[in-house]
Amino acid sequence: MLIGVSILVFALVRVLPGDPIRTIVPETATEADIQAARERHGLDKPIVAQYWIFITKAVRGDFGRSFQTGRAVTSEMAERIPPTLELTTYSLVIALLLAVGFGLLAATRAGRMADHVTRVISLVGTSLPEFWLGILLIFFFYYLWELAPPPSGRLDPGIVLQSITGFSVIDALITGNWGALASAVRHLFLPVTTLVVVITGPLMRSVRASALDVLDSNAYVCAVAHGVPDARRWRSYLARPALASLPTLAALMYGYLLGGAIMIEYVFSWQGFGQWALRGLLLRDYPVIQAFVLVVATFYVLIFLIADIVHALLDPRVRL
């Protein structure tokens, strides 16, 4: 799959309108200067030779150098991926906890007020565009109520934090920088809340639907008839089978967040992976675009591998 993705993205970026070389040379550059820049970046070679150079370097972790900055793409990704992973990981964990809790509650209270309220909240959250919701939260929490910091990045100006993992909260805990920890949590609040509201709905609906099927199954009805204690019945006969399909959907959501949180990063000035890739796309920066798509595809492969393993652990029938 990764080979197919690499071929596809390599071909597609080269049919985009515009010449990336003309965006990096001065307006006074002559045709000789443009040709020299094209040769310097290897764009004068046949397309097959360009792909071979790209893929042989990519398997060694070398994605070339950015046309715009001249820096190694790998170095730029090392700076941009941790902020996005921090934002998406926290959002997914919180969304999973909410989806499991409220999804099971809605299923066990099917047709009652708790079920109706949960379904309405899920529908509203799913229907809201994330960029619009983010702007709305900024308007209320920052502009009107002054409860959140300005959408200007990951930390307040003037706060210095030693980067160890790239996760601001974890780095602040490791170094004991409590001022940076408080600032990082405050800056994470609005973007994480935005993503949680958007992705909790589909997860919650999945849990609720699976739990309703389990409640109607012969195994659960038999457990109730035999007087199995509530705690054991909930844990072994309801929660485990109801959550068996959740890892796959969670993996899909996580992959979506890694590649699709661009608008959230843009709204909150979050200098992450998506915003970096968007700038590369607008400027026709081939190495940046290729690296972004290939890395996101690799994350998809790894995430779905983990999801399949967890699914098999939750549902032994998958291993048959």
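Q: Is F139 buried, partly exposed or exposed, and what is its relative accessible area?
A: Buried means under 20% relative accessible area, exposed over 50%, and partly exposed in between (1.4 Å probe, protein chains only). F139 has a relative accessible area of 39%, so F139 is partly exposed. Y143 has 57% and is exposed. This is a predicted model: local features need pLDDT of at least 70, side-chain atom pairs count only at pLDDT 80 or more, and totals for chains, interfaces and linings use all residues. Residues are numbered from 1 along each chain as its sequence is written, and side-chain values use heavy atoms, with hydrogens and water left out.

Q: What describes a pair of aromatic rings?
A: The distance of the centres and the angle of the planes. Rings of Phe, Tyr and Trp (its six-membered ring) pair if their centres lie within 6.5 Å; planes under 30 degrees apart count as stacked, over 60 as edge-to-face and the rest as tilted. The structure holds 13 aromatic pairs. In one, Y51 and F54 have ring centres 6.3 Å apart and planes at 55°, so the pair is tilted. Y51 is buried at 17% relative accessibility. F54 is buried too, at 8%.

Q: How are the rings of F139 and Y143 arranged?
A: They are stacked, 5.6 Å centre to centre, with 25° between the planes.

Q: Which residues do ring pairs link into a cluster?
A: The cluster holds F139, F140, F141, Y143, W145 and F189.

Q: Where does the charged end of R14 sit?
A: A charge sits over a ring if NZ of Lys or CZ of Arg is within 6 Å of the ring centre and within 35 degrees of the ring normal. Here, the charged end of R14 sits over the ring of F10, 3.6 Å from its centre.
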